[in-house]
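Please look over the sequence and the model below before reading on. The paragraphs that follow take up a few local features one by one.

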Amino acid sequence: MFNIENKKVLLIVSRDRTEYLKTEELLQKSEKLAAVGQLATAIAHEIRNPLTAIKGFMQLLTEKASKEELTYLNIISSEIERIEMITDEFMSVTKPQAVTFQSIDLQLLIQQVILLLQPQATMKNIFIELNSYGEMPFVYCESNQMKQVFINILKNAIEAMPYGGEIKVELKKKDNNHIHIQIIDEGVGVSKERIKHLGEPFYSIKEDGIGLGLMICFNIIQQHKGTLSIESEVNKGTSVEICLPLE
């Protein structure tokens, strides 16, 4: 508030801080990723060495164990395997891997993933349906990484449907340069407040989750110059949309 020629004037200045806030958010995420990388390298080596010794002695004990002792030893072994799995997830975030891009039949790759997860889905009374619309062109990508993306997303969908239901996987050619994949489940869903945090390291909506699965998916799709988005509604289900360039 000030005066101009004896008139009171109110000056208001507004700035659009949207881009600034987005940049700040990206910086925070990159800092978390850097922390994950440092932790992964240090922790993995420290854990793997004693685990190797424990597994060796567990194998010796199993050979001489009674039936009752064997029950407990099997439980211990399964927990050791889980520790190894978590360690591998940490390592996969930062470990340099040989990446070979080639033209892949994405529809066939997804069929293989569905076949792999079908027993787990059947146990929960879940039916996975794959639909493709029109002729599907090959996609230039790294097959193992893409397989990991679809395994992670479909496993999340299965785990979100404790009472059974249907998961739809739909493939469409978006235009001459892109292919669109949509995975729709009928699970418990995620609230809007929590969706924006999905993909962040150490953030998980699962009790036993460590929040690295979706983060790895986002990273892989980004490396393939594609996009991954998630829409969800509590008690109605979740839709994951992936858009990939054909070349």
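Asparagine 235 is placed in the loop between β8 (227-233) and β9 (237-245); helices (H or I, at least four residues) and strands (E, at least two) are DSSP runs, numbered from the N terminus. Its phi is near 70°, a positive value in a residue other than glycine. With 65% relative accessibility, asparagine 235 counts as exposed, where exposed means over 50% relative accessible area, buried under 20% and partly exposed in between (1.4 Å probe, protein chains only). The model is a predicted one, in which local features need pLDDT of at least 70 and side-chain atom pairs count only at pLDDT 80 or more, while totals for chains, interfaces and linings use all residues. Residues are numbered from 1 along each chain as its sequence is written, and side-chain values use heavy atoms, with hydrogens and water left out.

Asparagine 125 also has a positive phi, about 60°, although it is not a glycine. This residue is found in the loop between α3 (106-123) and β4 (126-133), and asparagine 125 is exposed at a relative accessible area of 60%.

Another loop, the one between β7 (178-184) and α5 (192-195), holds aspartate 185. Is aspartate 185 buried or exposed? It is buried, with a relative accessible area of 8%. Its side chain reaches the backbone nitrogen of glycine 187 at 2.8 Å.

Next come the aromatic rings. The structure holds 1 aromatic pair, a term for rings of Phe, Tyr and Trp (its six-membered ring) whose centres lie within 6.5 Å; planes under 30 degrees apart count as stacked, over 60 as edge-to-face and the rest as tilted. The partners are phenylalanine 101 and tyrosine 140, in a tilted arrangement with 5.8 Å centre to centre and 35° between the planes. Phenylalanine 101 lies in the loop between α2 (67-94) and β3 (102-104) and tyrosine 140 in strand β5 (residues 139-141), so the pair ties together parts that are 39 residues apart in sequence. Phenylalanine 101 is partly exposed at 29% relative accessibility, and tyrosine 140 is partly exposed with a relative accessible area of 41%.

A ring is also involved at tyrosine 133, where the charged end of lysine 172 sits over the ring, 5.4 Å from its centre. A charge sits over a ring if NZ of Lys or CZ of Arg is within 6 Å of the ring centre and within 35 degrees of the ring normal.

Finally, valine 13 is found in the loop between β2 (7-9) and α1 (18-64). Valine 13 is exposed, at a relative accessible area of 58%.

Note on methods
A polar contact is a pair of N or O atoms within 3.5 Å; within protein, one must be able to donate a hydrogen and the other to accept it, and residues adjacent in sequence count only if both atoms are side-chain atoms.
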